[in-house]
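Here is a short report on one protein chain. Keep the sequence and the 3D view open while you read.

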Amino acid sequence: IGGVDGDRNITAHIKSFDYALQDARGIPTLLHMNCEGCEWDFLVDAKKHGFLDHVPVIQIAWHNYGDVGLGARVWQLCEIREMLSKTH
């Protein structure tokens, strides 16, 4: 999924949840997320697509980086927890 060139620059290709879902080989029994900040968008997309409704156990490592501190994420965290409380 990318590589390192002669100047030691790293190239990465970021795929959408839709793309990942197409390549999935079924529903996991455990989803452990430690994706350094992508959990905020991934969880909303995964729920929107119905994926999370079928995963029995979800573990999340929450991160906040850059200009977005925890204070700016509090409302989003509450919305995600409310969303997950309906199925988990």
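**A buried glutamate**

Start with Glu-39. Leaving aside neighbours within four places in sequence, Glu-39 is in contact with Met-33, Ile-60, Ala-61, Trp-62 and His-63. Contact here means heavy atoms within 4.5 Å. Glu-39 sits in helix α2, which covers residues 39–48. Its relative accessible area is 0%, so Glu-39 is buried. Buried means under 20% relative accessible area, exposed means over 50%, and partly exposed lies in between (1.4 Å probe, protein chains only). The side chain of Glu-39 also makes a polar contact with the side chain of Trp-40, at 3.5 Å. A polar contact is a pair of N or O atoms within 3.5 Å; within protein, one must be able to donate a hydrogen and the other to accept it, and residues adjacent in sequence count only if both atoms are side-chain atoms.

**The model and its fold**

This is a predicted model, in which local features need pLDDT of at least 70 and side-chain atom pairs count only at pLDDT 80 or more, while totals for chains, interfaces and linings use all residues. Residues are numbered from 1 along each chain as its sequence is written, and side-chain values use heavy atoms, with hydrogens and water left out.

The mean pLDDT of the protein is 79, and 82% of its residues reach 70 or more. pLDDT is the predictor's confidence in each residue, from 0 to 100. Confidence is lowest in strand β1 (residues 2–4), with a mean of 53. Confidence is highest in β4, at 92.

The protein has three helices and four strands. Along the sequence they follow the pattern β-β-α-β-α-β-α. Helices (H or I, at least four residues) and strands (E, at least two) are DSSP runs, numbered from the N terminus. Of the 88 residues, 20% count as buried. Among contacts between residues at least 6 apart in sequence, 63% join residues at least 24 apart.

**The nonpolar core**

Which residues make up the largest nonpolar core? There are twelve: Leu-31, Met-33, Trp-40, Leu-43, Ala-46, Phe-51, Leu-52, Val-55, Ile-58, Ile-80, Met-83 and Leu-84. β3 (30–33), α2 and α3 (70–85) each supply at least two residues of this core. A nonpolar core is a set of buried Ala, Val, Leu, Ile, Met, Phe, Trp, Tyr and Cys residues joined through side-chain atoms within 4.5 Å.

Take Leu-43 from that list. Beyond its neighbours within four places in sequence, Leu-43 is in contact with Met-33, Leu-52, Ile-60, Trp-62, Ile-80 and Met-83.

Trp-40 and Trp-62 form it, tilted, at 4.8 Å centre to centre with 45 degrees between the planes. The pair links distant parts of the chain: Trp-40 is in helix α2, Trp-62 is in the loop between β4 (57–60) and α3, and they are 22 residues apart. Rings of Phe, Tyr and Trp (its six-membered ring) pair if their centres lie within 6.5 Å; planes under 30 degrees apart count as stacked, over 60 as edge-to-face and the rest as tilted.

His-63 also lies in the loop between β4 and α3. The C-alpha atoms of His-63 and Gly-37 are 4.9 Å apart, although 26 residues separate them along the chain. Leaving aside neighbours within four places in sequence, His-63 contacts Asn-34, Cys-35, Glu-36, Gly-37, Glu-39 and Trp-40.

**The disulfide**

How many disulfides are there? The count is one. Cys-35 and Cys-38 form it, with sulfur atoms 2.2 Å apart. The cut-off is a pair of cysteine sulfur atoms within 2.5 Å. The torsion about the S-S bond of Cys-35 and Cys-38 is about -120 degrees, so this disulfide is left-handed.

**A lysine in α2**

Lys-47 is in helix α2 too. Its side chain makes a polar contact with the side chain of Asp-53, at 2.5 Å. Not counting residues up to four places away in sequence, Lys-47 touches Leu-52, Asp-53, Met-83 and Thr-87.

**Accessibility at a glance**

| Residue | Relative accessibility | Class |
|---|---|---|
| Trp-40 | 2% | buried |
| His-63 | 14% | buried |
| Lys-47 | 18% | buried |
| Cys-35 | 24% | partly exposed |
| Trp-62 | 33% | partly exposed |
| Cys-38 | 36% | partly exposed |
| Cys-78 | 42% | partly exposed |
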